[in-house]
Amino acid sequence: MATTDRPEHGPLLTSLRSPRVTAARRLARRPQRARERRFIAEGPQAVREAVAYGLLPGGGEHAVVEVYTTPEAAERHADIVAAAQDAGIPVLTATPEVIAEVCQTVTPQGIVGVCRFVDTPFDAVLAARPRLVAVLAHVRDPGNAGTVLRTADAAGADAVVLTDASVDLYNPKAVRASVGSLFHLPVAVGVPVADAVAGLRAAGVRVLAADGAGDRDLDAELDDGTLRGPTAWVFGNEAWGLPEQTRALTDEVVRVPIHGHAESLNLATAAAVCLYASARAQRGAGGCRAGG
C-alpha cells in the first residue's frame with residue numbers, strides 16, 4: 001500500500017516502490033538527470049531557494065516540480081510548504097524512509113524538491129556583461145564544485161561557468177554543497193574551456209588562472225590595482241591544478257601567496273581568497289563596482 005490517510009497533511013506516501021518515488025530515485029544517475037532535465041535539491045535551505053527561484057526563463061514552468069516532506073518537517077518548515085503551495089507546486093508528505101530513498105543521504109533533513117534544470121546559456125552570461133566570474137575547468141569533485149559555487153555567490157560574483165571537462169552541476173553532492181546558491185546566480189555548463197576564455201575576453205573580462213605555479217602574485221595584483229576591472233578566475237582540478245594548455249589561454253597565471261609553511265591551499269580555499277580579493281578591489285575606489 002502506497003499511502004496512509006493523514007487528514008492533517010494529506011495522504012502519507014509510504015511505499016519505496018511507488019512510481020513517483022522510483023522516478024525521483026532514478027535522478028541519482030547522471031544519464032537520467034540529463035534525459036529528464038531534472039535533479040534533486042535536498043534540505044530546507046535548498047528547497048526554500050528553489051521555490052523562491054520561481055519560473056524558468058521563457059518556458060513559464062516553475063523551477064520546482066514537486067516537494068517531498070515528512071509531516072514533522074512540514075510543520076518545522078511551514079513557510080516553505082506554504083510558499084510551494086502558493087506557487088502551485090505539489091507538496092507530498094512521506095515517511096522518513098521514503099525521503100531517505102529519494103535523497104540517499106545518511107541523515108536526511110526531511111524535505112527534498114524535484115527540480116528542473118536551472119543553468120543559463122553561456123551567451124546569456126556574456127550578454128549580461130559580467131564583472132566577476134568563476135570558471136571551473138577540469139574540476140571533478142562535486143563537493144568542491146558546489147562549495148566554489150557557494151563561495152562565488154557569497155563574494156557577489158555575476159556568474160559561474162563549468163567547463164565540459166568538469167563535474168555535473170546537478171550531482172547530488174554538488175547541489176548539497178552549494179546550499180541553495182545554485183538558485184542565486186547564473187551558472188553555465190558544458191562550455192569548452194577555450195570557448196569560455198575567448199568569450200569572456202571578448203566581453204571585456206580579464207581572465208586569470210589561479211595556480212600555485214603562477215609567476216604573478218595575488219598581492220601584487222591587489223597592490224597594482226589590476227583586479228579593479230571585470231575579472232574571471234579559472235580554477236583547476238583539485239589534485240593536479242590547471243594543465244599548461246589551459247594556463248596558456250589566460251591573460252595571467254596568478255598564485256595565492258603562502259606566507260607560512262603550508263604546502264598549498266585546497267581548491268575551495270584558493271577560490272575564496274581570489275574571488276574575495278577581486279570583490280574587494282572592484283568595490284573600492286576606482287573599481288568597476290564602485291558606487292554601483
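Which residue in strand 13 is the bridge partner of Asp217? It's Arg255. Before going on, a word on what you're looking at: this is a predicted model, where local features need pLDDT of at least 70 and side-chain atom pairs count only at pLDDT 80 or more, while totals for chains, interfaces and linings use all residues. Residues are numbered from 1 along each chain as its sequence is written, and side-chain values use heavy atoms, with hydrogens and water left out.

Strand 11 and strand 13 run parallel and are joined by 2 bridges; two strands count as paired if DSSP finds at least two bridges between them. Strands here are DSSP runs (E, at least two residues), as are helices (H or I, at least four), and both are numbered from the N terminus. Zoom out and you'll find an open sheet of 7 strands with parallel pairing, in the order 9-8-7-12-10-13-11. Strand 9 (187-191) and strand 11 (216-217) are the edges: each has a single partner strand, so one side of each has no neighbour in the sheet.

Now slide along to strand 8. Strand 8 pairs with strand 7 in the parallel sense over 4 bridges, and in one of these pairings Val133 has Ala159 of strand 8 as its bridge partner. In a regular strand, side chains alternate between the two faces of the sheet. Here, both faces of strand 8 are covered, with Ala159, Val161 and Thr163 buried on one side and Val160 and Leu162 buried on the other. Buried means under 20% relative accessible area (exposed is over 50%, partly exposed in between; 1.4 Å probe, protein chains only). Since 5 of the 5 residues of strand 8 (159-163) are buried, the strand is largely enclosed by the rest of the structure.

Next, the open spaces. On a 1 Å grid over the protein atoms alone, a pocket is an open set of points with protein on both sides within 12 Å along at least five of seven lines, a cavity is a set where a 1.4 Å probe fits but cannot get out, and lining residues have an atom within 4 Å of a point. Grid points are joined across faces, edges and corners, and a volume is the space filled by probe spheres set on the points.

The largest pocket has a volume of about 500 Å³. Its lining has 21 residues, with Asp211, Gly212, Ser264, Leu265 and Ala270 nearest the centre. Strand 13 (252-255) and helix 13 (267-283) are the elements that give two or more residues to this lining. The second largest pocket, at about 300 Å³, is lined by 20 residues, and Leu56, Pro57, Phe117, Val118 and Asp119 lie nearest its centre.

The largest holds about 60 Å³, and strand 3 (38-42), helix 6 (96-103) and helix 9 (172-178) each give two or more residues to its lining. The second largest cavity holds about 40 Å³. Helix 8 (142-154) supplies the largest share of that lining, 3 residues; among the lining residues you'll also spot Leu162, one of the buried residues of strand 8.
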